[in-house]
Amino acid sequence: MCGIIGIVGKNPVNQFLYDGLLVLQHRGQDAAGIVTCDGGTFFMHKNNGLVQDVFQTRHMRSLQGNAGIAHVRYPTAGSSSAAEAQPFYVNSPFGIVLGHNGNLTNSAQLKQEMFRQDLRHINTSSDSEVLLNVLAHEIEQTAHSAVLDTDMIFEAVAGVHNRCKGAYAVVAMVANFGLLAFRDPNGIRPLVIGKHETEKGTEYIVASESVALDVLGFKLIRDVEPGEAIFIDMDGNFFSRQCAENAKLSSCIFEYVYLARPDSVIDGVSVYQTRLHMGESLAKKIAEEWSHLKIDVVIPIPDTSRPSALELANKLNLTYREGFIKNRYIGRTFIMPGQALRKKSVRQKLNPIGMEFKGKNVLLVDDSIVRGTTSKQIVQMARDAGANKVFFASAAPPVRFPNVYGIDMPTRDELLATGRTDEEICAEIGADALIYQDLDALVHAVQLSNPNIKSFDCSCFDGHYVTGDIDEIYLNNIESSRGDKAGLKKPINSSTQLDLNLVTIKEHEEEAA
């Protein structure tokens, strides 16, 4: 998963882009990058690391211009090399930069087409670079002159939809022309539009989550529709068009479970409200099917599960307590590469408050159980802190299938629920009882906020892949290439300024901090 932002403003946008990335940091901790556009020149800085570490004052000063895009990355395809940090750039035609959230499921096929038919070279193993080159080729095919227009841009996006499969929310800039954003025909990954009125005119923003708009002072207009493309020229004129046939919203339901911030609104649905509904339905299940459990206290696993745990406790008239203190300087263990690093990080990340556990029957509530790494260690922490019995509730159903649309759930071997019954999972994590949310209850929890959403991508729970192109051969291939056993390339530093007037790329090594 990744976070993306694009802004066309009336003043320099470098600080806006930086601040926006900070609030989207939860979507990717591996790398960060910003590109701004001033006249005919792109200015870029990107590297591995957190936003606050990648960008120093000297870098911000060099990011000139009133328009730009930005990206935070966690790799699910490709490697963790800084050479694959985004945005990516091509100089033909016109000069284009692109940032992408999602995963192309036909990336290998497209690479072959790039080489054999489109005569384009792919320099990395990133599917985002493939997507950029598909877009560049389609623009080249539709451009009838040296001057682009919006019809050409939208025709090119239609070409992208015809060729690309999978999940993709995209922000891109065409040098000295404007900002382009579009979403795959299933709307799997989120993308929202906002605006801000100034004395100089209207500023526009597109971002992965509405929280970025809130923090930057922009007003949420709406979501980018599945298959839709929007274009904002450098003067701030706004255009939009549906560019896909048979587009249908099937957004990723895991965004509401875990990925998105609770203060975001995605496809008209409050993430926070959804998590309250998840707690309510989980409480109903416990009351109906697990009433024999003698629960003394409900304790959330911080932070994502707090709304669900609180609502669950309220509905069951149980005591709610904070039992774990979180170290804010440890990243999200779910999106950390490598099983060994995840295991180490759990103990560094959470510490129990002994008095809340000692002699009590504790119901721990988490948003989900993926690999089980965190769950098993947390159950043991509760026992070590003196808990009498430890019950475990998951606000999401069992994760039994890989996610191929941009979330790091690559191998069935790593998913605790694959091939195991609930009883076996309970024994594996060491709990005295395990309660899972039902999938229909989860879907209903989201639809309560927006009944107009009729379908979701629930593939990690039910194995149904909405793009219709996923089979056993594909899953075997991604498991061999994306699993924890797959090696990661050694990171390299990258800091690039792009001068379109000279059509050159000037690269220089990182300066000492």
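Student: Why is D303 called partly exposed?

Tutor: In this predicted model, D303 has a relative accessible area of 26%. Buried means under 20% and exposed means over 50%, so D303 falls in between and counts as partly exposed.

Student: What makes the contact of K326 and D303 a salt bridge?

Tutor: The N to O distance between their side chains is 3.1 Å. The cut-off is within 4 Å, for a side-chain nitrogen of Lys or Arg and a carboxyl oxygen of Asp or Glu, so the pair qualifies as a salt bridge. K326 lies in strand β19 and D303 in the loop between β17 and α10, so the pair ties together parts that are 23 residues apart in sequence.

Student: How do you know that R306 and E322 form a salt bridge?

Tutor: Their closest N and O atoms are 2.9 Å apart, and the limit is 4 Å; therefore the pair counts as a salt bridge. R306 belongs to helix α10, whereas E322 sits in the loop between β18 and β19.

Student: Why is T411 called buried?

Tutor: The relative accessibility of T411 is 7%. Buried means under 20%, so T411 counts as buried. T411 is located in the loop between β22 and α13.

Student: What makes the pair T411 and E414 a polar contact?

Tutor: The contact between their side chains spans 3.1 Å. A polar contact requires N or O atoms within 3.5 Å, one able to donate a hydrogen and the other to accept it, so the distance of 3.1 Å meets the cut-off.

Notes
Residues numbered from 1 in each chain as written. Predicted model: local features only at pLDDT ≥ 70, side-chain atom pairs only at ≥ 80, totals over all residues. Heavy atoms only, no water. Helix = DSSP H or I, 4+ residues; strand = E, 2+ residues; numbered from the N terminus. Buried < 20%, exposed > 50% of the residue type's maximum accessible area, 1.4 Å probe, protein only.
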